[in-house]
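Me: I'm new to this one. Can you put the structure up, and I'll ask as I go?

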Amino acid sequence: MNQRINIKFGILALIFMLPWVCQAQKGEKIQTIVIDAGHGGKDPGALGKNSYEADINLAVALKLGDYIKENMRDVKVIYTRDKDKFVELNERANIANRNNADLFISIHCNSTEGTTTAKGVETFVMGESKNEANLKVAKAENAAILLEDNTDAYDNFDPNSTEAYILFSLSQSLYQNQSLQVADKVQHQLVDRVGRHDRGVQQAGFLVLWKTAMPSILVELGFINNINEEKFLSSEQGQTKLALALYRAFEEYKIAFDADNQSVKPTQFESHSNGSANEVVFMVQFASRDKKVPVTDKAFSKVKDVDVYEYNGAFRYTSGHFATKAEAIARQAEVRAAGFSDAFVIAFVNGERATLKQAEAAMK
């Protein structure tokens with residue numbers, strides 16, 4: 001009974017949190033990434049024959065951060081930990097939220113009970129566990145809260161209770177599409193470039209991803225209790241290859257995201273200008289299609305004032321034309337409530353696509 005009550009309170013808390021979460025999406029360039037090395041300090045994570053998961057996670061996280069710093073000077077790298085220390089799961093999400101991060105990547109290693117033959121990489125996004133295996137992975141990672149002194153932030157969540165994971169099914173739509181895009185790129189790099197066994201992109205309820213207000217993934221780099229995989233995971237060469245794979249996936253995601261939010265040619269969008277200087281229009285972009293479909297398509301039936309423009313080989317669908325960013329944010333909430341959870345505010349200045357900052361500057 002108490003567990004059911006706690007779940008209800010957790011659901012209510014999530015519902016009240018939705019407006020704040022929705023406003024965190026900027027729809028501009030990727031500027032900040034938070035890299036989370038799982039476990040640490042009094043929590044060593046899974047144990048191998050000759051290594052600790054926490055050490056491997058940290059080594060790969062630091063290498064990934066170094067690659068980003070060296071090659072992407074416009075991206076700020078923040079670690080939830082940069083040494084062997086214990087950081088509460090809730091605080092890891094708080095670090096990302098406080099820094100208004102554009103992406104959160106949590107790095108882990110897997111382990112199994114009773115067998116040492118399991119192998120491969122898998123990448124998780126927040127969502128309802130679809131099978132028992134995914135639930136076990138989530139339970140193992142969430143067990144870290146049992147080492148924390150204060151669990152009030154989790155509404156007395158029991159990481160060993162299957163019923164408690166019902167709560168997480170409500171979180172799966174927040175930034176899920178973008179999270180899945182990142183997860184797919186990570187899996188591609190780890191499998192096709194590094195040659196790891198593919199266990200696919202999965203969904204499960206991870207506390208470390210629960211309250212992050214941005215696209216977030218958790219990657220399991222391999223099985224530390226598999227002797228062959230442990231050798232690779234704990235080696236300098238293996239950690240370098242894994243970090244490079246994560247870097248390439250992030251680079252690919254950033255390039256696509258940034259390109260999708262840069263200025264488009266005036267001919268690709270019908271300006272609603274009345275001839276005044278620096279005419280600024282805010283809209284809500286909510287969908288992208290490879291082939292053009294009518295704005296009256298039934299898939300968009302719950303969205304008001306649908307328009308479309310072409311950019312970078314795809315057709316982008318928008319809702320409304322607003323004179324202020326605040327009006328667009330209000331429409332964004334409506335569009336997300338209509339089922340397009342990744343909808344974000346965009347702007348055009350004199351018919352050309354611009355960042356929100358450029359649009360706000362043009363209005364002064």
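Me: Is S51 buried or exposed?

Reply: S51 is buried, at a relative accessible area of 13%. Buried means under 20% relative accessible area, exposed means over 50%, and partly exposed is in between, using a 1.4 Å probe and protein chains only.

Me: Before I go on, what kind of model is this?

Reply: This is a predicted model: local features need pLDDT of at least 70, side-chain atom pairs count only at pLDDT 80 or more, and totals for chains, interfaces and linings use all residues. Residues are numbered from 1 along each chain as its sequence is written, and side-chain values use heavy atoms, with hydrogens and water left out.

Me: OK. Where is S51 found?

Reply: S51 lies in the loop between strand 1 (32-37) and helix 2 (53-71). Helices (H or I, at least four residues) and strands (E, at least two) are DSSP runs, numbered from the N terminus.

Me: And what does S51 touch?

Reply: Leaving out residues up to four places away in sequence, S51 touches I56, I224, E230 and S234. Contact means heavy atoms within 4.5 Å. With E230, the side chain of S51 makes a polar contact of 2.8 Å. A polar contact is a pair of N or O atoms within 3.5 Å; within protein, one must be able to donate a hydrogen and the other to accept it, and residues adjacent in sequence count only if both atoms are side-chain atoms.

Me: What about P44, where is that?

Reply: P44 is in the loop between strand 1 and helix 2. P44 counts as partly exposed, at 30% relative accessibility. Its contacts, not counting residues up to four places away in sequence, are H39, Y52, E53 and A54. The C-alpha atoms of P44 and D55 are separated by 7.8 Å, and these two are eleven residues apart along the chain.

Me: You mentioned H39. What is its phi near?

Reply: Phi of H39 is near 65°, which is positive, and H39 is not a glycine. Most residues other than glycine have a negative phi. H39 is in the loop between strand 1 and helix 2, and H39 is buried, with a relative accessible area of 7%.

Me: Switching to helices. At what angle do helix 7 and helix 8 pack?

Reply: Helix 7 (residues 227-234) and helix 8 (residues 236-260) pack at about 75°, with axes 4 Å apart. That makes helix 7 roughly perpendicular to helix 8. Axes are lines fitted to C-alpha atoms, for helices over the stretch in contact, and angles run from 0 to 180 degrees between N-to-C directions. Under 35 degrees counts as roughly parallel, over 145 as roughly antiparallel, 65 to 115 as roughly perpendicular and the rest as oblique.

Me: Which residues make that contact between helix 7 and helix 8?

Reply: F232, L233 and S234 of helix 7, with E236, G238, Q239, K241 and L242 of helix 8.

Me: Is Q239 buried or exposed?

Reply: Q239 counts as buried, at 9% relative accessibility. Not counting residues up to four places away in sequence, Q239 touches I56, A59, V60, K63, F232, L233 and S234.

Me: How do helix 2 and helix 8 cross?

Reply: Their axes come within 8 Å and cross at roughly 50°. That makes helix 2 oblique to helix 8. The crossing of helix 2 and helix 8 is right-handed. A crossing is left-handed if the near helix is turned anticlockwise from the far one by less than a right angle, and right-handed if clockwise.

Me: And what is the angle for helix 5 and helix 8?

Reply: Helix 5 (residues 176-193) and helix 8 pack at about 140°, with their axes 8 Å apart. Helix 5 and helix 8 are therefore oblique to each other. The crossing of helix 5 and helix 8 is right-handed.

Me: Last one. How many helices and strands does the chain have?

Reply: Ten helices and eleven strands. Of the 364 residues in the chain, 54% are buried.
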